[in-house]
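This explanation leads through one protein structure, from its overall build to individual residues. Please keep the sequence and the model in view while reading.

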Amino acid sequence: MTNVTIQPTGITADDVLAVARGTATVVLAPATIDAMATSRAIVDGIESSGRPVYGVSTGFGALANTFIAPERRAELQHALIRSHAAGVGAPMPREVVRAMMLLRVRSLALGRSGVRPLVAEALVDLLNHDITPWVPEHGSLGASGDLAPLAHCALVLLGEGWVLGPNGERQDAADALTSAGLKPIELAAKEGLALINGTDGMLGMLLLAIHDAAHLFAMADVTAALAIEAMLGSERPFLPELHAIRPHPGQAASAANIHRLLQNSRVMDSHRDDLAHAVQDAYSMRCAPQVAGAARDTLDFVRTVAGRELVSVVDNPVVLPDGRVESTGNFHGAPLGFAADFLAIAAAEVGAIAERRVDRLLDVTRSRELPAFLSPDAGVNSGLMIAQYTAAGIVAENRRLAAPASVDSLPTSGMQEDHVSMGWAAAKKLRTVLDNLTSLLAVELLAGVRGLQLRAPLEPSPAGRAAVDALGTAAGEPGPDVFLAPVMEAARAVVAGPELRTAIEREVGPLG
């Protein structure tokens with residue numbers, strides 16, 4: 001995707017990914033310019049009439065009843081941005097800030113914010129010149145949206161504040177604008193408020209997380225199948241007729257994936273008709289689709305919520321086509337905060353059940369004749385013993401992070417904003433949970449590959465062969481202990497990247 005054109009009807013999740021993680025150029029459609037100009041004309045009319053309207057001729061938050069004289073209203077907007085750019089901590093990643101800026105342009109483009117087109121154009125200029133504001137990680141309560149993070153973005157438009165340098169260092173915004181041939185803008189009435197009243201940071205992080213979770217949940221089916229195959233598990237619990245009688249769509253999709261991945265395996269053939277084989281596998285094997293499938297269904301719900309937010313007007317106040325300017329609560333982040341918390345819980349459990357399979361693979365009493373800790377010479381060598389320790393520590397951290405942020409609330413602004421969503425915190429920790437899930441699946445991938453290697457000369461499934469090939473250079477063959485951290489980093493890269501899934505799908509067809 002080379003261009004993302006912003007229409008007055010909004011943008012798509014793919015558009016956000018193309019700008020946040022790619023190099024797509026952002027373009028404002030002519031109809032978008034017209035919609036913003038029409039909205040601005042209404043605000044200009046209010047200005048001339050002298051009517052008190054929140055954010056146009058009054059102060060903000062607990063100062064909503066303070067009338068602002070016409071000659072000081074531009075000053076009001078600039079003061080708002082400076083005072084609200086009050087975040088602290090490490091800078092947010094470039095992809096999050098770019099997603100947030102694009103989504104703020106999207107919100108302005110809907111023509112309900114009353115800003116001049118040049119304000120949206122200034123944000124587009126930052127994106128297209130790869131100027132990324134320095135946005136500290138702490139500051140948003142998800143109340144009137146992401147006030148502090150968005151204010152740090154808006155401050156750059158004024159030629160103030162900081163931006164991320166080429167190597168992640170902090171640079172002055174004024175210098176960055178000058179180097180790009182851009183000039184600061186002057187804000188008019190309502191425009192400062194319109195730049196910061198929105199859920200764009202939460203939504204941006206949620207959209208990135210949705211994309212990552214969809215990939216990781218598919219990879220969870222892959223690593224589960226590898227572990228089940230290596231442990232001589234049964235494929236029968238994954239038969240489609242067993243999931244048709246409990247019609248959760250995610251469960252059926254996950255079961256179908258695992259069943260397909262276990263076909264054409266000499267390892268599976270070796271025990272299929274063995275009467276001594278376990279009648280039932282452990283829950284971590286047999287119930288893999290029930291857990292991963294529930295996570296998939298949660299992801300579908302979250303995707304629906306994010307899709308609704310993508311077409312929502314979340315500013316305050318909003319300018320209606322009939323000329324009214326009404327105060328709303330649409331900026332409250334509860335829908336996104338709940339969704340992020342739900343997805344974090346689901347992702348944490350996908351990782352937790354993966355760690356349980358790793359533990360079984362390493363335990364000589366439960367792994368069905370695999371050597372202890374998957375080492376051919378256990379005792380002198382520890383094999384993957386401490387890799388499982390690492391996984392257990394990550395599972396514990398994910399359980400802490402799965403505690404919902406959205407049930408917490410601290411009143412602010414003199415009790416005017418007396419209930420907040422904590423949606424920013426929910427979305428931020430969701431990203432950490434997903435990063436941790438990548439590591440957990442990497443440990444399961446490594447253990448599954450090692451287990452299949454130790455089943456030689458039995459030939460694994462096509463998925464197993466692809467996994468062994470993908471990790472083979474880094475993992476090597478079973479043998480004496482090696483420096484394990486680089487091997488685990490390589491496994492993380494395999495889980496996070498598209499190559500293994502592509503190779504598997506080439507053999508078995510598309511995964512659901």
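Two residues are in contact when they have heavy atoms within 4.5 Å. Among the contacts in the protein with a separation of 6 or more, 79% are between residues 24 or more positions apart. The model is predicted, so local features need pLDDT of at least 70 and side-chain atom pairs count only at pLDDT 80 or more, while totals for chains, interfaces and linings use all residues. Residues are numbered from 1 along each chain as its sequence is written, and side-chain values use heavy atoms, with hydrogens and water left out.

The C-alpha trace spans about 90 × 50 × 40 Å along its principal axes. Of the 512 residues, 55% are buried. Here buried means under 20% relative accessible area, exposed means over 50%, and partly exposed lies in between, with a 1.4 Å probe and protein chains only.

The domain assignment divides the protein into domain 1 (2-197) and domain 2 (206-508); such bounds come from an automatic or database domain assignment. The centres of the two domains, taken over C-alpha atoms, are separated by 36 Å. Domain 1 gives 45 residues to the contact and domain 2 gives 34 residues. The size of an interface is often given as the accessible area lost when the parts come together. Between domain 1 and domain 2 the buried area is about 3,200 Å², with 62% of it from carbon and sulfur atoms; this area is the accessible area (1.4 Å probe) that the two parts lose on being put together, summed over both.

Ser113 is in the loop between α4 (94-109) and α5 (117-128), and it is buried, with a relative accessible area of 1%. What does the side chain of Ser113 join in a polar contact? The partner is the side chain of Asp315, at 2.8 Å. A polar contact is a pair of N or O atoms within 3.5 Å; within protein, one must be able to donate a hydrogen and the other to accept it, and residues adjacent in sequence count only if both atoms are side-chain atoms. Leaving aside residues up to four places away in sequence, Ser113 touches Ser39, Ser107, Leu108, Lys190, Ala194, Asp315 and Val319.

Arg170 is placed over two rings. The charged end of Arg170 sits over the ring of Trp162, 3.7 Å from its centre, and Arg170 also lies over the face of Trp134, at 5.2 Å from the ring centre. A charge sits over a ring if NZ of Lys or CZ of Arg is within 6 Å of the ring centre and within 35 degrees of the ring normal.

A search of the whole structure finds two aromatic pairs. The rings of Phe301 and Phe342 have centres 6.0 Å apart and planes at 40°, so this pair is tilted. Rings of Phe, Tyr and Trp (its six-membered ring) pair if their centres lie within 6.5 Å; planes under 30 degrees apart count as stacked, over 60 as edge-to-face and the rest as tilted. Because Phe301 lies in helix α14 (residues 288-310) and Phe342 in helix α15 (residues 334-362), the pair ties together parts that are 41 residues apart in sequence. Phe338 and Phe342 form a stacked pair, 6.4 Å centre to centre with 25° between the planes. Both Phe338 and Phe342 lie in helix α15, four residues apart, about one turn of the helix. Phe301 is partly exposed at 39% relative accessible area, Phe342 is partly exposed at 39%, and Phe338 is partly exposed at 39%.

Most residues other than glycine have a negative phi, and most peptide bonds are trans. A cis peptide bond joins Asn316 and Pro317, with omega about -5°; Pro317 is in the loop between α14 and β7 (318-319). Another cis peptide bond joins Ala456 and Pro457, with omega about 15°, and Pro457 is in the loop between α17 (423-454) and α18 (462-475). Arg368 has a positive phi, near 60°, and Glu369 has a positive phi of about 75° although it is not a glycine. Arg368 is in the loop between α15 and α16 (385-401), and Glu369 is placed in the loop between α15 and α16. Arg368 is partly exposed, with a relative accessible area of 25%, whereas Glu369 is exposed at 77%.

Technical notes:
Helices (H or I, at least four residues) and strands (E, at least two) are DSSP runs, numbered from the N terminus.
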